[in-house]
Structures are given as structure tokens and as C-alpha cells.
Amino acid sequence: MEQKELRAWEALCIQEEPPACRAGCPLNVDARSFAAAMAKGEWSSARAILEKSMPIGGIVARICEAPCEQYCIRKDLGGAIALSALERVCVVNAPSRRKVFRLPPRPKRVVALGGGLSSLTVAFDLAKKGYPVTVYFGGERPGGSLNYFPEETLPQAVVKDELNHLEKLSVAFKPIENFTPDCIASADSIYVGQDDILPETLTVPIQHPDSATFALAEPGWFTGGMHGKEHRYRFITNISEGRQAAISIDRYLQQASLTSGRAALRNGKAKLYTRTDHIAAVPRKKPAAPAGYTLEEAIEEAARCINCQCLECVNHCKYLENFGAFPRVYARQIYNNSAIVKGTHMANTLINSCSLCRQCEELCPNDFSMADLCLEARQTMVREQRMPSSAHWFALEEMHSARTEGSLVRHAPGAETSDTLFYPGCQLGGIRPQQTLRLYERLLELQPLTGIWLDCCGAPAHWAGRKEAFTEIVQQVEKVWQEMGSPRVVTACSTCLKMFRDHLPAVPVESVWRVLAEQAAVDGDPLHVMAISDPCTARDDGDTRAAVRTLLKGLGRVDAPLPMSGKLTECCGFGGLMDCANPAQARQVAEARVAQTDAEIITYCAMCRDQLARTGKPVSHILDLLFSDLAHPAEEKPQSISARRIHRRRLKSALLNRYPAEQQEEKAAWEDVELIIPETVAMMMEERRILEDDIRKVLHKGANGGQHFVHDQSGLAIASAVLGAVTFWVEYTVEKDQYRLERCWSHRMVMRREKA
Amino acid sequence: MNLSFLPADMNWTCQPCGEKLQPGMVELEYMGNVFRVELPVCPKCSAVLISEDLAVGRMLEVEQLLEDK
Ligand code: SF4
Ligand code: SF4
Ligand SMILES: [Zn+2]
């Protein structure tokens, strides 16, 4: 990933953008965090949050007119959060813990004419940066209008406190009468704060400043504090002008551009998206006493803050939630991951755990696609040869097996051509072989020239980021299709359908559910409520989703829609090879999915059925309803990885039996090894991805003069074999001609006896 | 790295060699990294026994570490 691409990804995710309140605060106060601290009664940290952005916080927090409130997202849900009143109660109750902190002194001198709010802001901001500032105040004391507030609004002691703080920051206060033309000569920059009473000789010649930088025509001169009683937000606006002028003065004194790279005020324009349709209106808390909130009232009011966030995608995706942040951060982590030359690639698991289901794209206001981000990252890892070889190993082995020993393509028995090829998909064949055969029968009834095509569409290679391997598969698939006379393809797998549509646009392909729906019975009496779980690969396939609903209606089923279904549907935990790279997370995803309903779940993807059924919830496949004599119980456990392999071979041989002229493929010798597999070992095999086939191969080798180990007392034996990239081990006992399995394990490290 | 992974129970005999396994130095290799470790070995045919504990424990850990390097 190039830095430019990272920036583009980052720009799409607006979760880090300030919420409306902050965007509406001219001082950029983090009102969301402030409200959160207040709601917890953490007064001191709430005050610290205010003072992080406010100059002379004790004063500003008491008098700010809170323009932010007009933008608050709570506005129409009971009224804006009373930030103004909350800020007051905060500073009244929590003394400032602010330290006198000043950068090393700088030689350039600043003079502020006028001692009003805007000048005090200039003095505060620039003094902290190390500039010596002299404030020439009008009237008897510095502060201008601050001296005329009622005591209960702004106690004079508070003003005094803040002025003391400024003096500690090396701000000097002098009466305006002391100001002479010499003072101008010795200053490097001058600010004219119009929010104080100044002699006309000083104010009359002042022109209107630049509206963004507050610079006057004369270099080094700036002005602000231009608003009086007529302005609804005059105090905060004058303060804001002081702050903007201070930014300009600092840039001017450093001989930097006044404008380049300068963040403009947002004036309430927030990019952060916050969904509110699930938020109930709660009326604004009214203080019982005119003086303002009590602490208890303040907590209650602050707790109304929505804590505006986007997190639309994260709130619905276990994967995004599990990694503890949100896509903008993930994009950065993935970028950093690809930049590492030496050291640990921390984001490998992040990249490989996404199901590529694309729900995030649907939910995100900016269509951020975690799927594209992760898929590209996987492709890069494969290209740069740093994809962990174990990450997708099992799925790729499965694919290989389905494409070799499990694959078959034939015209219908006795036919020379095919009008249609039925492509059940490797998972349906592995999980529901009997139903697959019946479904083929049904299609033959509808169209006698329907051939059969057992294969894997290559989705695992695509998901694993193996671009080259996938392209090769796609080409092979296309070639087979052409050799069969380029017929229509009908598939029972949403993933195969999507793969064909996305990568082989020349192939006319259709979902078997649509073909069947055309023949569907008139609606049966609604008997039974079920929740349809759409596979994630059917997200963009409204026609197939509708066909399934038609079929189910015909079977007397009523859909109790899952909250996340149709276009918003989510993955079962298998997609994108999540189950391979992060099995624990795949379990969580399935649990979260089934928790969305109390109704019995029905799906039309064999893999979804098994993944969801792993949770123990009853889950049916639509074929269980269509062919009730071949129905599997909804409570049935998922098929084991070994069974899927064996089923595929059997399905193929059952089909081949229909072509008497053809020779069946010969069984391998190891297939006859007889196993006794206790339940605990079966579970171990499933979890460790060890197939019966693997074990038979290991034992077959051991039994035929191969080397093995025998325990001297227990009689247990251990055999091993290297099969591809993995070494498999089996511990067993022999009972007559059968092997009783005790344990099995595997590793990828290669062992070599050291040469002496 | 010089580590010993001898199981508590060394009472294994290699078949068909008929030799009792003995501690021996073995090289384990993964992704170009080589480790010398001590494991039960058949003195005659050099067959090595990798226990379940080792395979699903330290070995797996190291494999994963190296894959993320
Ligand atoms: S609800 Fe809270 S976070 Fe959202 S705009 Fe209002 S104060 Fe800010
Ligand atoms: S939906 Fe997710 S990716 Fe999109 S802006 Fe919100 S947090 Fe970011
Ligand atoms: Zn031996």
C-alpha cells in the first residue's frame, strides 16, 4: 500500500472526526469527553478536558454562550445537552489543577492593546508559547467587560485568579495611559483588542481585518474582539478572534505563512455520522435552583449525551469489534504491516480474520470496504511471499481435493449435449450428498439435458489472496464449460454463483433456487415461522433471495426476518476463510448470528447451515424442506471435515455409476484401513484439521513395513508420515484388523537427524 | 538455541529396528530457521519421536512466530 492509498482509506472512515458539538465550538473543546467525565462525576478530569482547549478556563467556562448547543445531535431528542450549564457547574466545583506551563522564552515581543477577553486570550496563548506579552488595559483594571458581570455569574475572585495565572506566565499588565509610540517601536507584533475601552486615537484608524487571519494591512498588526451586545455569541466570538489572531501572530513572528495548512473553523459542520433512530428522547434536565445544576443534576444531564460515534460497521461485526478499534485505525495498522521489513507483522491476523462479507460497505456512510482492504493486503502478502503458510492451508487443501478426486463433469446419462449444467458447489456435495443427488434428479425432470459438474469454483484461492492460482482456476473452469458446449450453469451455492458472475461474465449462470421457484407450489398454509439467514454472498443477489422466500412460502413457511438480513446480511464465519485463519472468532460470529432470533433458522447455503448449527441451535437447509424424506434433523451436528471429503468421493462415484461404460476410479489401498474413532479423538481431529484420510495414509504406511514406535509397557504405538507440508502423528492400538485411535497431532516444522 | 525436549517417558522402541529410543540431537527447520534440539531418536534408523505436547505447544508457538516474522 502506498502512503497515498492509506490517506484515501483513512479519509473514508470518519469515526475520528469531531462530533457536532466540538465542530460547533470555536475553541475546539472536546465536549463529548467532557460530558462523559461529568456523567461519571469525574469533575477534575472534566475540568482538565475544558482547560486543554480553553484559555483562562475559569472565566470562559462561566460566560461562554455555548454556540455548540445549536449543533448537538440530542437537539431533537429532548433538547441539546446543556453544555453551558455543565461547564459552569464543573468549574464552580472543581478547582483548576492546571500548571503554569510555558515554552522556553522567545526574543520577539508582543503588545496587546486593550485588556478585554480577546486580548487576554492572545496573551494566554502566546505567553504559553514563550513570547513576552504586555497588555495595555483600558479602565481601572484589566478585563474590560469582565468587570461588569454580576458576582454570582463571574466572581471577581475568579477573574483575579486568572489574571494571576497570566502574570505567572510572564504577561505584564499596564494601564493604556502608559502606552506611547515608543512601545510600538519596541514590539515585534501588535494586537488591538477592540473589546475594551480604548482611546479613539488608537481605534479609529483600525480598518477591517482579514476575516480568517485577523491581520491588518500594516504588517505585524492584528485585531479582534469586534463584537458588542448585538451579537448573540459575543463573548465566545471575541475569544475565538483572539485565538485566531494569536495563531497568526505566532506564524508571523516565525516568518511562516499566515494561511497555509491552517485549519478553518468548522462552524458546526461535522463529518462524523451518528445514527439516532434507536435513541429515545429524554428531556433536558432543568435545574431546581436558579443558580444552576447541583452535582446530581449535572450527572443526570451529562448522561443524556449520546456519546456520538459512527462505528456503524463495528457495532454489527464481531471481527471489527474484536480487534478493538475501527477501520481507519485498521487501515493504518495494515499499512504499517506492509512497511515492516524486519520484525513481527502484527496485523497478519487482522488481515486474515475478515470474512470479506462486505456488510461494512452497506453500513458505512462512505462505503468503507474492509473486505477490499483485507483482500488487497492478502494479495500483497502472497506476492511478497510473506503470507503465513498455515493461515489458509486447510481450505486450500480442501479446494485441491474437491478439484481433483472430487471433481466430475458429464452430460446427462445417454445425452450427447447439455442445455444446462448443474453445479452444486463443493460444500453442498460434501455436506449433503444425498440431497445433492435428489436435487439433480429434480432438475433432470425439468430439463432432461442437464449435465452434472462437480468442482470447486476457486473461492478459497480468491479469498486467500492467491491471485495467480485463482486466475488459473477460472481459466480451467471456463475451458471445461466451453468443452461442454457453453451451456447454462445452475448452481446451488451462492458463493459459486457470485464467483461465476464476478469472474466469468460470459457464463450464463443461475441459482437453482430461482429455477425451482418458477415451479413453486401455490402458497401453502402458513404453518411454521422460520428465520431466513441469507448467505453473505447473496448480499447483492436480490433475485435469489426473493426466490428462496417464494419457495419457502410455497412450503408453508413464514419468514421472521433477522435484523441483519437481505442486503445487510452477515457471514456465518466461514466466508473469507475466517474459519481457517481464526476459528475461535468464527465461532463467535456464528453465536452472534444465531442470537439474533428465537425462531428456527433456515438457510440455503450448506456451509452456513453447518457453521450456524455448530452453536447447538436448530438450523435447517432449504433442501430439508424441499425433500422431506431426505431431511436431516435441524439439531444435527455439522459434518466433520473427514465426512465432507468422503461424501464428495461417494457422490462422484454414485454419479459415475450411471455411466456403465465408464471405469470407476480405483480406490487407493489406504482407503481400506479400518479405524475405530472414539468421540474425543473425533473432536481432536476436527479441531486440529486432521482427516481420516490423513490418518489412514499414516497407518497404511506403518502397517506395510513402515517405521513406527511401540511403547514397552502399554503396547501403544505411534506412527507418522509427512503429507505435503505437514507431518502427521497417530497414537493407536491394534484390535484385530482395526486401529483404535488414541490421539493425533501434527506440525509443520521439518525434522532432520543431525549428521554426526 | 539448544533445547532438550525429552519426554518423561522414554520407554519407546523403534519398529522394525527393535532399538530403544535414546536422547539425540536433531535439527528442526522452519522457513529457513534451524534449531538444534534434543529429542528421542532411534540409534539405528535415526527416526525421531515428536511428542504431542511438543507439537501443539512450543513447536506451534515457534511456527506461528516465524510465520509472522
Ligand atoms: S450528544 Fe454529546 S457528543 Fe453528541 S453532539 Fe451532543 S454533546 Fe456532543
Ligand atoms: S461505518 Fe465504520 S468504516 Fe465507515 S465511517 Fe463508520 S466507523 Fe468508519
Ligand atoms: Zn529405527
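Predicted model: local features only at pLDDT ≥ 70, side-chain atom pairs only at ≥ 80, totals over all residues.
Side-chain values use heavy atoms without hydrogens or water, residues are numbered from 1 along each chain, and chains are lettered from A and ligands numbered from 1 as written.

**View 1. The shell around ligand 1.** Residues with a heavy atom within 4 Å of the ligand are A:C21, A:R32, A:C72, A:I73, A:I81, A:C305, A:I306 and A:C308. They comprise 7 nonpolar residues, no polar ones and 1 charged, where Ala, Val, Leu, Ile, Met, Phe, Trp, Tyr, Cys and Pro count as nonpolar, Asp, Glu, Lys and Arg as charged, and the others, Gly among them, as polar.

**View 2. The zinc ion (ligand 3) in chain B.** Its protein donors (N, O and S atoms within 2.8 Å of the metal, or 3.2 Å for Na, K and Ca; water is not among the atoms, so sites may look incomplete) are the SG atoms of B:C14, B:C17, B:C42 and B:C45, at 2.1 to 2.3 Å. Their spacing in sequence is C-x2-C-x24-C-x2-C.

**View 3. Cysteines of chain A.** The structure holds 0 disulfides over all chains, a disulfide being a pair of cysteine sulfur atoms within 2.5 Å. For A:C608, which is in no disulfide, the nearest cysteine sulfur is that of A:C605, 3.8 Å away. A:C608 is buried at 4% relative accessibility (under 20% relative accessible area; exposed is over 50%, partly exposed in between, with a 1.4 Å probe and protein chains only), and A:C313 is buried at 11%.
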